[in-house]
Amino acid sequence: MKNQMKKISAVALTALAVTSLTSSIFAADITTETTGTTPITYTVGPTFVVTIPETIAASTTANIEVPVTGNANMEPNKKLSVTIQLAESKVVLTRAGGADTIDVSLKQAATESEAGTPVAAAKTEVASFTNGTTNGVATKLFVNKLDAGTISAKKAGAYTGNLTFTIAIVQ
């Protein structure tokens with residue numbers, strides 16, 4: 001039995017050695033030179049940095065500019081859009097620990113002293129960037145000065161509210 005296993009193993013190893021020495025060759029008549037191309041691609045995704053103030057202090061003496069600055073590297077025909085949307089055309093500031101409120105309106109204007117355009121409840125673009133640091137919106141965003149007479153009737157305390165910015169890549 002042992003000799004028979006040795007013979008079977010020897011035959012199997014010989015067959016394996018013989019088949020490993022052979023190679024498949026496929027021949028065809030190639031009479032012309034053929035070429036082709038394979039594209040190599042790489043996509044650089046858009047990158048951007050937008051700076052929005054951490055806090056904005058309203059005032060009874062002046063309109064306060066809300067600077068929105070940035071730098072963008074965008075694809076052709078696309079831009080980075082920065083928008084705000086107000087509820088009822090205002091930001092409501094609420095007194096800490098109380099129910100008193102102060103309504104704050106905003107405007108878009110070229111300068112602080114210009115009357116400008118009130119920011120409505122609709123979505124309003126306050127900045128846009130394509131390539132580089134250019135703000136594509138010709139006007140600036142301002143918090144309108146608060147009416148001193150209205151403020152004097154309010155209870156003392158810190159009043160806070162939120163202005164929400166949305167950043168999106170658009171056509």
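Strand 5 (91-95), strand 6 (101-104) and strand 12 (159-160) each give at least two residues to the lining of the largest pocket. Strands here are DSSP runs of E, at least two residues long, numbered from the N terminus. The model is predicted: local features need pLDDT of at least 70, side-chain atom pairs count only at pLDDT 80 or more, and totals for chains, interfaces and linings use all residues. Residues are numbered from 1 along each chain as its sequence is written, and side-chain values use heavy atoms, without hydrogens or water.

**Largest pocket**
- The largest pocket holds about 490 Å³ of space.
- A pocket is an open set of points on a 1 Å grid over the protein atoms alone, where a 1.4 Å probe fits, with protein on both sides within 12 Å along at least five of seven lines; lining residues have an atom within 4 Å of a point.
- The volume is the space filled by probe spheres set on the points, with grid points joined across faces, edges and corners.
- The lining has 24 residues, and Ile56, Ala58, Leu93, Tyr159 and Gly161 are the closest to the pocket centre.
- By class, the lining has 16 nonpolar, five polar and three charged residues.
- Ala, Val, Leu, Ile, Met, Phe, Trp, Tyr, Cys and Pro count as nonpolar, Asp, Glu, Lys and Arg as charged, and the others, Gly among them, as polar.

- An open sheet of four strands runs in the order 2-11-7-8, with antiparallel pairing.
- Strand 2 and strand 8 (117-118) are its edge strands, and each pairs on one side only.
- Two strands pair if DSSP finds at least two bridges between them.
- Three bridges link strand 2 (residues 64-66) to strand 11 (residues 140-143), with Ile64 opposite Val143.
- Four bridges link strand 7 (residues 106-109) to strand 11, and here Leu106 stands opposite Val143.

- A second topic is the open sheet of three strands, ordered 9-4-13 and paired antiparallel.
- Its edge strands are strand 9 (124-129) and strand 13 (165-170), each pairing on one side only.
- The twist averages 25 degrees from one strand to the next, using lines fitted to C-alpha atoms as axes and angles from 0 to 180 degrees between N-to-C directions.
- Strand 4 (residues 79-84) and strand 13 run antiparallel and share six bridges.
- Leu80 stands opposite Ile169 of strand 13.

**Ring contacts**
- Lys107 lies over the face of Phe142, 5.7 Å from the ring centre.
- Such a contact needs NZ of Lys or CZ of Arg within 6 Å of the ring centre and within 35 degrees of the ring normal.
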